[in-house]
Protein chains: 2
Amino acid sequence: MTDKKYKEIAELGEFGLIDHLTEGIKLKHKSTIHGVGDDAAVLNYGNKMLVVTTDLLLEGIHFNLIYTPLKHLGYKAVVVNLSDVYSMNAIPKQITVSIGVSGKFAVDHLDELYEGIKLACEVYNVDLVGGDTSSSLTGLVISITALGEATKNKFTLRSTAKKNDIICVTGNLGAAYMGLQLLEREKEVFKSTKGAQPNLEGYDYILQRQLKPEARKDIIELLNDINVIPTSMIDISDGLSSEMLHICKNSDVGCKIFQNKIPIDLNTEKMAREFNIEPLIAALNGGEDYELLFTVNVTDFEKIKNQPLIHPIGHIISKENGTVFITESGHSIELQAQGWNPLKKK
Amino acid sequence: MTDKKYKEIAELGEFGLIDHLTEGIKLKHKSTIHGVGDDAAVLNYGNKMLVVTTDLLLEGIHFNLIYTPLKHLGYKAVVVNLSDVYSMNAIPKQITVSIGVSGKFAVDHLDELYEGIKLACEVYNVDLVGGDTSSSLTGLVISITALGEATKNKFTLRSTAKKNDIICVTGNLGAAYMGLQLLEREKEVFKSTKGAQPNLEGYDYILQRQLKPEARKDIIELLNDINVIPTSMIDISDGLSSEMLHICKNSDVGCKIFQNKIPIDLNTEKMAREFNIEPLIAALNGGEDYELLFTVNVTDFEKIKNQPLIHPIGHIISKENGTVFITESGHSIELQAQGWNPLKKK
């Protein structure tokens, strides 16, 4: 239906498109505390805060069934939603799961998918409370909505980082992206070489990060235990750069991030070198890490500085001073995110 | 991927598949009052009850862009979800909207879709609070989740109809299905006859019922005004027969429905005759009416009997006496629902 006179979606990019489509939406209900524009909406249904988030996973865009076991896919589909709940400093409680299935699927395949979905519900202690099932003319469609509980004055938005706050990231970055590169490579080898078997030995860590990622439930529990409420938080689904710029844009601040502080696992680094990819690029733009990126007040620095899972990588500066990335050699460059492009599977 | 040894989805049908996939799910949270198996889940986030429902709409399965204006599609996509909230005797408050868009879409097309979505939000007084946007390799995918507020002891399940309750249906049935037949016919004429223009004049009512249905907000308000709490309720998305059997199965009861009580609009009847379809078949199995089917205690009969929008069509009997349909000529036959088949678009 695209015609010359129409505006192409690529002109706006994903986030531009969302801004465009949700422009001018006015919230009507007292129970809507926070709407479009964060990892989850925040609603108030009584004396507790409710967060709601939803994700759409489409075959060929978000996953490739050639190398994705259905059980892992089901698990991951839940985890990516829970990650959005955790990033609000909330505890996920319920999910709904809608699936559209094409003719090539049998019940047994859906059983595998649901095995993964149910396993994630067990591991993360959430209830599967509903959904929708449909046939699909094309590929597999998975749409999950997660609901969670937050405490008043404790949920964390993207828009509330303040100057001088410490920027922290959890775990390590870029592994899921390198796992994807490996799977794509082995798929090509398999297609072009008759009888070739995928060579995936010794790559367990990055494969798991790609195929069966975990959400950072542990970090939310840890932050609660050490009595730290981040001043802002987001989960890393599109790469560190993109998420950091979301926080800066929404909080109307700038940032300074140091290359030598960015946590990259040795397995990620090794794999990146094999692919002639700069490990830093995987960490900054790779996506699908489902780590948490958050800011804390400087007064909380003592509480986090010795936590092995939390890495301070920089600090918030004023908007006028920009979004700055300091390289290992001490050069200052502008932090940039890639747009809606094939690199970011999302 | 289907292989001889696998169980085909068609063997189970849609509802059998849902039962199968959600078998053995144990609810863990106090805040989960009611999970899988109704129009919406019921959750408790404080002193109010929250209902959650979700629907997946796929191009080629649930809608055909050849004859569905995008604005109407957006409107309908919201309405079908709100209908599920109303059927819980709840008031919708928020929705999330996820869309997957194929390359043939331009921003302008999404603008039209969102115009309809936003219009429905205005008309039904709900907030659009979030969602997800993705590219799709194939057709348009729309996944909407609706949240609403219910009062304790006032929300209505499918599973609580009691013997002797009066069975009621709102508005009239079968119109949306006849609207679909008309659109399909004109599509074929258009395809086979060069230059043919669709002949849709004089069919406004059934076309609107198909393309721009409304959810029965008015009925929920009316029931509240006249102080009637249905003993069970469901919205009619798959046809009266199917929904009635859901109530019977879930409530462990039978029913007796009278053909001469079933409300069918004159426009529906006229169109059905033109197609050589028995109007009753459209009413019983057509689907997409988004009317409400509910039961009330006999003591409430006085309150509803003179309401022009509410039609008593029979009553609940014991399970042992079956699900009975009494024809105009007084014959008693078993009420049957069609399975997951092409007649039922949804």
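Tutor: Start with helix H4 (residues 175-192) and helix H8 (residues 266-274) of chain B, which pack at an angle of about 40 degrees with their axes 9 Å apart. This is a predicted model: local features need pLDDT of at least 70, side-chain atom pairs count only at pLDDT 80 or more, and totals for chains, interfaces and linings use all residues. Residues are numbered from 1 along each chain as its sequence is written, while chains are lettered from A and ligands numbered from 1 in the order in which they are written.

Some terms come first. Helices (H or I, at least four residues) and strands (E, at least two) are DSSP runs, numbered from the N terminus. Axes are lines fitted to C-alpha atoms, for helices over the stretch in contact, and angles run from 0 to 180 degrees between N-to-C directions.

H4(B) and H8(B) are therefore oblique to each other. (Under 35 degrees counts as roughly parallel, over 145 as roughly antiparallel, 65 to 115 as roughly perpendicular and the rest as oblique.) The crossing of H4(B) past H8(B) is left-handed. (Left-handed means the near helix is turned anticlockwise from the far one by less than a right angle; right-handed means clockwise.)

Now the residues. H4(B) brings B:Ala175, B:Met178 and B:Leu182, and H8(B) brings B:Asn267, B:Thr268, B:Met271 and B:Ala272. Contact here means C-beta atoms, placed from the backbone, within 7 Å. The contact of H4(B) with H8(B) counts 5 nonpolar residues, 2 polar and no charged. (Ala, Val, Leu, Ile, Met, Phe, Trp, Tyr, Cys and Pro count as nonpolar, Asp, Glu, Lys and Arg as charged, and the others, Gly among them, as polar.)

Next, another helix pair in chain B. Helix H2 (residues 70-86) packs on H3(B) at about 40 degrees, with the axes 7 Å apart. That makes H2(B) oblique to H3(B). The crossing of H2(B) past H3(B) is right-handed. Residues of H2(B) in this contact include B:Leu70, B:Lys71 and B:Tyr75, and those of H3(B) include B:His109, B:Glu112 and B:Leu113. The contact of H2(B) with H3(B) divides into 12 nonpolar, 4 polar and 3 charged residues.

On to the sheet of chain B. The sheet is open, with 7 strands in the order E8-E10-E7-E11-E9-E12-E13 and mixed pairing. Strands pair if DSSP finds at least two bridges between them. Strand E8 (232-235) and strand E13 (332-334) of chain B each have a single partner strand, so one side of each has no neighbour in the sheet. Neighbouring strands of this sheet are turned by 25 degrees on average, direction ignored. Inside the sheet, strand E7 (residues 166-170) and strand E10 (residues 292-296) of chain B run antiparallel, joined by 4 bridges. B:Val169 faces B:Leu293 in E10(B). Helix H7 (residues 240-251) of chain B packs on the sheet, touching E7, E8, E9, E10 and E12 of chain B, and makes about 145 degrees with E8(B).

Now the partner chain. The contact takes 70 residues from chain B and 70 from chain A. On the chain B side, E5(B) gives the largest share, 9 residues. That side holds 30 nonpolar, 28 polar and 12 charged residues. 100% of the interface residues of chain B are also interface residues in chain A, so the copies meet through the same surface.

How do the copies relate?

One helix pair spans the chains. Helix H1 (residues 9-22) of chain A packs on H3(B) at about 20 degrees, with axes 11 Å apart. H1(A) and H3(B) are therefore roughly parallel. H1(A) passes H3(B) in a right-handed crossing. H1(A) uses A:Ile9, A:Leu12, A:Leu17, A:His20 and A:Leu21, and H3(B) uses B:Val107, B:Leu110 and B:Tyr114. The contact of H1(A) with H3(B) has 7 nonpolar residues, 1 polar and no charged.

Conventions. Contact = placed C-beta atoms within 7 Å.
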